[in-house]
Amino acid sequence: MTVTVIGIDGGPLPDGAEEALRSAKLVVGARRHLRAHAPADARTLELGSLDSALGALSSLTAEENGVVLASGDPGFFGMLRVLREKGIRCSVLAATSSVQRLMARVGRPWDDVSVVSAHGRDLTPAINVCRARSAVVVLTAPGAGPAQLGSGLTGWRRTMIVGEDLGGANETVTTLAPAEAAERTWREPNIVLCLSDPDGVPARGWRAGGEPVPPAGWALHEDEFAHRNGMITKAEVRAVAVSKLAPRPGTLVWDVGAGSGSIAVECARLGAATIAVESDEAQVVRLVTNAAGHGVDVRVEEGAAPKALRELPKPDSVFVGGGGSEVVTACAHVGASRVVVALAALDRVTSTRAALSSAGYEVEGVQLSANRLAELPGGLSRLEAANPVMLISGVRKEGKS
Ligand SMILES: C[S@@+](CC[C@H](N)C(=O)[O-])C[C@H]1O[C@@H](n2cnc3c(N)ncnc32)[C@H](O)[C@@H]1O
């Protein structure tokens, strides 16, 4: 049995495709691809049920040939993976990927662009990657398309470029704001390029998909942030807090009572989308400066929690750096997987613990007091104590939402 996977991009079929189709006993593909390319005498199977298509391909005898028609480059988020998973060895005749085609239409290099797929999965991680990174292509699916993406990106400074039916008779490329995309209906198939700066020229890189996550080093020294008179979560405490927040690409972290925004910046550097909530205008300025200085995108919500939290998208993790028990209680009920609260006042430990625990979290706490090495005259060393901090953290128990 020989199975040939033929990529289709709207242009002429790749070399060797006609021959493979002529000798095919069975041709598998989406309806539109079968209509356009399957020979009249071949048995065809529409790709609705993947299992029956894979079963039929596996049942071909040694002398029989099969063809799979797939969009773009079948090796890129395409059919090749499932075929290989089933143990079906294939020869591949690739066409141009929809991503390559869209980027060519836009006339922008794409070695820095992250590509994420919402195919057969929750769209939220893809939205969070678009919130966090400056250039992302989303492979969409019906119900997880440009409208849903646009609605998730409202509140972030982004431009969306939607490519519909690329290479097809109805090819359209539309540039618009997320709020506009959210209001429209879109033709299938489509993909979306999401940019923070549509006119920006990306710096020359060395790695496909943009700068690496994680970055070189984290739990940065306080000197790397603008802050007011040492009012910043110290590096040692930040290291533990960030580890408990578990920021990573695809997640959203809130930093509530963000101050200098050092927690939000650290989480953004680790690839998470971030929202910093801060009521003090001067702190907001520092926060914006710190995010820009570290080259990350932190969405800043100027306002007082808990009111300022009401319209925000649901986070995966929340850090509470300030705000009092009302804020802790509100944060405990937003449905995040993890909540971390930093407290200077011991009197608030019990109520914080109770708030997290009654909201369905497994709670733990630790007091952190770092003593840094400092110099004494004569080349001697001493310890310099930083104020102790209590970190109370909650991880949501299985089954609670
Ligand atoms: C399962 S992925 C396959 C990607 C494919 N292997 C490629 O290289 O383009 C499907 C994604 O490609 C998009 N897509 C496929 N053909 C397209 C086209 N002609 N125009 C726009 N998007 C297309 C679909 O909407 C979806 O987002």
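This dialogue goes through some features of a predicted model.

Reader: What is the make-up of the chain in helices and strands?

Author: The chain has 13 helices and 19 strands. Its C-alpha atoms fill a box of roughly 85 × 50 × 45 Å along the principal axes. Of the 401 residues, 45% are buried. Among contacts with a separation of 6 or more, 61% join residues 24 or more positions apart.

Reader: Which residues does UniProt list for the domain "Tetrapyrrole methylase"?

Author: An unreviewed UniProt entry lists residues 16-175 under that name. In the model this span is 34% helix and 25% strand, and its end C-alpha atoms lie 37 Å apart.

Reader: What is found at the N-terminal end of α11, and what follows the helix?

Author: The N-terminal end is capped by aspartate 280, which has a side-chain oxygen 2.8 Å from the backbone nitrogen of alanine 282. After the helix comes glycine 295, with a positive phi near 65°.

Reader: Which residues are closest to the ligand?

Author: The ligand is surrounded by 16 residues, and the closest are Asp73, Ser98, Thr140, Leu166 and Asn190. A backbone N or O atom of phenylalanine 76 is 2.8 Å from a ligand nitrogen. Threonine 140 places a polar backbone atom 2.8 Å from a ligand oxygen. For asparagine 190, a backbone N or O atom lies 2.8 Å from an oxygen of the ligand.

Reader: Is threonine 140 buried or exposed?

Author: Threonine 140 counts as buried because its relative accessibility is 6%, and the cut-off for buried is under 20%. This residue is in the loop between β7 (135-139) and α7 (146-153). Leaving aside residues up to four places away in sequence, threonine 140 touches His119, Gly145, Pro146, Asn190, Ile191 and Val192. A polar atom of its side chain lies 2.4 Å from the backbone oxygen of asparagine 190.

Reader: Where are the residues joined by a cis peptide bond?

Author: Proline 189 is in the loop between α8 (178-182) and β10 (190-195). Another runs from alanine 305 to proline 306, with omega near 5°. Proline 306 is in the loop between β13 and β14 (317-320).

Reader: Which residues other than glycine have a positive phi?

Author: Examples include alanine 219, with phi near 55°, and asparagine 229, with phi near 45°. Alanine 219 lies in the loop between β10 and α9 (235-245), and asparagine 229 lies in the loop between β10 and α9. At 22% relative accessibility, alanine 219 is partly exposed. Asparagine 229, at 75%, counts as exposed.

Note on methods: Residues numbered from 1 in each chain as written. Predicted model: local features only at pLDDT ≥ 70, side-chain atom pairs only at ≥ 80, totals over all residues. Heavy atoms only, no water. Polar contact = N/O pair within 3.5 Å; in protein donor to acceptor, adjacent residues only side chain to side chain. Helix = DSSP H or I, 4+ residues; strand = E, 2+ residues; numbered from the N terminus. UniProt positions renumbered as here; feature names shortened; annotations may be inferred. Near = heavy atom within 4 Å. Buried < 20%, exposed > 50% of the residue type's maximum accessible area, 1.4 Å probe, protein only. Contact = heavy atoms within 4.5 Å.
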